[in-house]
Amino acid sequence: MTEPAPPPHTSRHHSYICNVCGSDHVTRDAWAAWDMAAQHWVLEVVFDQCWCHRCMSATRLDRVVLTSPITFAAPDPAKDRVAGVKLP
Ligand SMILES: [Zn+2]
């Protein structure tokens, strides 16, 4: 038996936004490996390099807490910043 999914607006759900423009249209470099049994690509590793598709440049990401399924709170520099995501 599986636990029911929590509501999508709980504090455990978050998103990542560009720390320059605030867009959530951001991606990270990653490798996908072919899973022969599942017959699809599976994410194997995610790298620190981040890209903002609005700025069209490399960026850093801020982690933000979702306040509803489609909105998020402003980043709190004191506690929600992603310390591990830095550009070289
Ligand atoms: Zn941006």
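**Strands, cysteines and a surface patch**

Visitor: How do E2 and E3 pair, and over how many bridges?
Guide: Strand E2, residues 26–35, pairs with E3 in the antiparallel sense, and the pairing runs over 9 bridges. Keep in mind that this is a predicted model.

Visitor: Which residue in E3 is the bridge partner of Ala-30?
Guide: Val-46 is the bridge partner of Ala-30.

Visitor: And what sits between the two strands in the hairpin of E2 and E3?
Guide: There are 4 residues between the strands, and Gln-39 takes a positive phi near 60° in that hairpin.

Visitor: How does E3 pair with E4?
Guide: E3 and strand E4, residues 57–59, are antiparallel too, with 3 bridges. They form a hairpin that has 4 residues between the strands, and Met-56 in the turn has a positive phi of about 55°.

Visitor: Which residue in E4 is the bridge partner of Cys-50?
Guide: Thr-59 is the partner of Cys-50 there.

Visitor: Since you mention a cysteine, how many disulfides are there?
Guide: The count is 0 disulfides.

Visitor: Is Cys-50 buried or exposed?
Guide: Cys-50 is buried, with a relative accessible area of 4%.

Visitor: And what about Cys-55, how accessible is that one?
Guide: Cys-55 has 30% relative accessibility, so it counts as partly exposed.

Visitor: Different topic. Which residues form a nonpolar patch on the surface?
Guide: Trp-34, Met-36 and Trp-41 do, and together they have about 430 Å² of accessible area.

Visitor: Where is Trp-41 placed?
Guide: Trp-41 is in strand E3, which spans residues 40–52.

Visitor: Why does Trp-41 count as exposed?
Guide: Because its relative accessibility is 57%, and exposed means over 50%.

Visitor: Now the whole chain. How many helices and strands?
Guide: The chain has 0 helices and 5 strands. Read from the N terminus, the elements run β-β-β-β-β.

Visitor: What share of the residues count as buried?
Guide: Of the 88 residues, 18% count as buried. The accessible surface of the chain is about 6600 Å², and carbon and sulfur atoms account for 59% of that.

Visitor: What about contacts between residues at least 6 apart in sequence?
Guide: Among those contacts, 52% join residues at least 24 apart.

Technical notes. Residues are numbered from 1 along each chain as its sequence is written. This is a predicted model: local features need pLDDT of at least 70, side-chain atom pairs count only at pLDDT 80 or more; totals for chains, interfaces and linings use all residues. Side-chain values use heavy atoms; hydrogens and water are left out. Patches are made of residues with over 30% relative accessible area and no salt bridge: like charges are joined within 9 Å, nonpolar side chains (Val, Leu, Ile, Met, Phe, Trp, Tyr) within 5 Å. Accessible areas come from the Shrake-Rupley method with a 1.4 Å probe; for residues, only the protein chains shown count as cover. A salt bridge is a side-chain nitrogen of Lys or Arg within 4 Å of a carboxyl oxygen of Asp or Glu. Buried means under 20% relative accessible area, exposed over 50%, partly exposed in between (1.4 Å probe, protein chains only). A disulfide is a pair of cysteine sulfur atoms within 2.5 Å. Two strands pair if DSSP finds at least two bridges between them. Contact means heavy atoms within 4.5 Å.
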